[in-house]
Amino acid sequence: MKVLFIHPRWPKIPEQTEFNLPPLGMIQAAACVPDGVEVAVLNENVEPVDLETDADVIALSTLLSCQAPRAYDLAHAFRRRGRTVIMGGLHPTLCPEEATGHVDALCVGEGEGLVEEMIKDFQAGRLQKIYRHPEGEFPDIRRLPDPRRDLYRKQELYAYKGWELPDLVQTSRGCRFNCPPCCVSFLGGRRHRIRPLDLVLRDLDRCGELVFFVDNSMEQSIKAQLELFEALRDYGFEKAGRKWISHPLTCRPDVLRAARDAGCWYVYHAIYTISDKIRDRIVMMHDHGIKVEGTILLGLDDHTEDFILRLIDFLLEIGLDLAEFTILTPFPQTQIRRQLESKGRILDRNWEAYNAAKVVFQPRHMSPERLQALYEQAWRSFYAERSQTVRMSELFMDVIKDSIRRRRTLLRSAKQEQEQTDEKGTGTTRKTTQA
Ligand code: SF4
C-alpha cells in the first residue's frame, strides 16, 4: 500500500522573490503513517502532480486558505480516478464543514494520533469521514515523531540561486497571545507547548546548514528561548557554520546575545507603528549582528493613507534588511474576520484571493483600490534603490562568507591537531628506534 502526500500549489505574492521552502506539515504527517506502508511526498509548487499515480491514498496537506481551491480541485480529480483522498492542515481545520464535502476523510487539528488511525481504518475498510482530537486536547509534544526529512529531494528541489534553502523546524506549538488577525490560538491552543530539546537537536542532525524555526512565537517565553539557545550553542550549531532564522525574539540584550552565539542569522519582526521603540529594537538587533526582515501588515482600521506613506519612509530610515508587505486578510476563525463580518465589510470570499496580497475587505479609511495601490507602492518604494533579489543576495553573502571563514578555521585547527599527532608519533617512533 502507498500513501502520497501532496502540498498543493498556491498563488504567490507577485511582488515577492519566488522561492519555495520545503514544507514541514506533510513530512510531519508522513512520520505518523504506520510501518510497512510506502510513503512519498510531492510539493506542487516545485514539481508537477501526476494524476495517474499508483498511490492508493492521496493525502492533501493544505496549509493556507489560498491553497484550498487547488486542493479541492485535486481532490475531485483523484476521486474521479478511484483514489481515496484524505486531507489535513490548517485551512481544513479552520473550515471543516467546507472541506469535508471534497474528500473521503478529513483530519481536523494536529495530525499525530489521527493520521495513523486514518491509514489503519482505510486498510481495514472502515474509513470515517472526520478524525479529530477531543475538544481542547492536543497531541503530546514530548512524543512527536521526527519529521520524515528523508522523503525530500532537498538539493534538487529546494535551492535559491544555488543556495540550499532552510529546513523548517518546530521547537514549540501553540501561542498564549491572541492577536486579532491571527488564528494560531484557535489552531494550536493558548498554551505554549515546548518540544523537548533532545528531540529538537536530533531533528537538527537531519537538517541542512540553514534552519528556520517556525514556532508561532518564541517571544512568549524568555526561559524557553534561553534554554534553546544554550542547547544550540552546546550542540555546536554556530561553530559548524550553520545559521537559523525565526519569528520575533525577545528584544533583550541577554536573549539576543545568546541567540547570536547560537547561530541566529535573521529574524522576522512585525512592524505596525512608527515609534522610537521599533527603531531601538532594530538597532539593538543589528548591534548583536542579527539581521531583520520587517513584516508589515497594511490596512488595519487605524491606517490612513497618510500613515501608510509615512510608514514606508520610516521603514527606509530605520535600515531594515528586508521588508515583506502584506494586506490585512480576514482568515477564518480570527477576531478580525468576526469584526469585519459583523459590519458587512468582507468583499471577497474566494479563498484564492486570500494570499495576503489582495484587498478582500472594505478598509476603514480608504477604498479597496486605494489600499491595493498603496500596498504596491510600498513594495516599489522599499526596493527602489536595491531590488529584493539584490538585498537577499547580500543577506546570503554574509552567511556564505561567515561559513567559509568558519570552515577555514575548522580546517586549520584540524590540520594543527594532525600535525601535533604526527609529531608525537614521530617522537614515539624515534624513541622506539633508539631503544
Ligand atoms: S502567533 Fe504571533 S500573531 Fe499569532 S497570536 Fe501568537 S504572537 Fe500573535
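Me: In what order do the six strands of the open sheet that includes β1 stand?
Reply: This is a predicted model, in which local features need pLDDT of at least 70 and side-chain atom pairs count only at pLDDT 80 or more, while totals for chains, interfaces and linings use all residues. Residues are numbered from 1 along each chain as its sequence is written. Strands (E, at least two residues) and helices (H or I, at least four) are DSSP runs numbered from the N terminus, and two strands count as paired if DSSP finds at least two bridges between them. On that basis the six strands pair in the parallel sense, and their order is β2-β1-β3-β4-β5-β6.

Me: Which strands form the edges of this sheet?
Reply: An edge strand here pairs on one side only. From one strand to the next the twist averages 20 degrees, where axes are lines fitted to C-alpha atoms (for helices over the stretch in contact) and angles run from 0 to 180 degrees between N-to-C directions. The edge strands are β2 and β6 (130–132).

Me: Which residue in β5 is the bridge partner of isoleucine 86?
Reply: Strand β4 (residues 84–88) and strand β5 (residues 105–108) run parallel and are paired over two bridges. The partner of isoleucine 86 in β5 is alanine 105.

Me: At about what angle to β5 does helix α5 run?
Reply: Contact between two residues means that their C-beta atoms, placed from the backbone, lie within 7 Å. Helix α2 lies across β1 (2–7), β3 (57–61) and β4, and its direction is at about 160 degrees to β4. Helix α5 (residues 115–123) also packs on the sheet, where it touches β1, β3, β4, β5 and β6, and its angle to β5 is about 165 degrees.

Me: How many residues does each domain bring to the contact between them?
Reply: The bounds of domain 1 (2–132) and domain 2 (144–395) come from an automatic or database domain assignment. The C-alpha centres of the two domains lie 25 Å apart. To the contact domain 1 gives 31 residues and domain 2 gives 35 residues.

Me: How do the residues on the side of domain 1 that touches domain 2 divide by class?
Reply: Elements that each supply at least two residues of this side are α1 (25–30), β2 (38–43), α2 (68–80) and α3 (90–94). Ala, Val, Leu, Ile, Met, Phe, Trp, Tyr, Cys and Pro count as nonpolar, Asp, Glu, Lys and Arg as charged, and the others, Gly among them, as polar. The division is 22 nonpolar, six polar and three charged.

Me: Why is one side of β9 and of β16 left without a neighbour in the sheet?
Reply: Another open sheet has six strands, paired in parallel, in the order β9-β12-β13-β14-β15-β16. β9 (167–169) and β16 (322–327) stand at its edges, so one side of each lacks a neighbour in the sheet, each having a single partner strand.

Me: Which residue of β16 stands opposite threonine 295?
Reply: Strand β15 (residues 291–298) runs parallel to β16 and is joined to it by six bridges. Leucine 298, for its part, has isoleucine 327 as its bridge partner in β16. Opposite threonine 295 stands glutamate 324.

Me: Which residues make up the uncovered face of β16?
Reply: The covered face of β16 carries Ala323, Phe325 and Ile327. Its uncovered face consists of Leu322, Glu324 and Thr326.

Me: How many polar residues are in the shell around the ligand?
Reply: The ligand is surrounded by Cys175, Phe177, Asn178, Cys179, Cys182, Val184, Ser185, Asn216 and Ser217, a residue being near a molecule if its C-beta atom, placed from the backbone, lies within 6 Å of it. Five residues of this shell are nonpolar and none is charged. The number of polar residues is four.

Me: Why does valine 184 count as partly exposed?
Reply: Valine 184 lies in helix α7 (residues 184–188), and it touches Cys175 and Asn216 when residues up to four places away in sequence are left out. A residue is buried if 20 or more other C-beta atoms lie within 10 Å of its own, exposed if 12 or fewer, and partly exposed in between, with C-beta atoms placed from the backbone. Valine 184 is partly exposed because the number of other C-beta atoms within 10 Å is 19.

Me: Is arginine 338 buried or exposed?
Reply: Arginine 338 has its place in helix α13 (residues 335–342). Because it has 12 C-beta neighbours inside 10 Å, arginine 338 counts as exposed.
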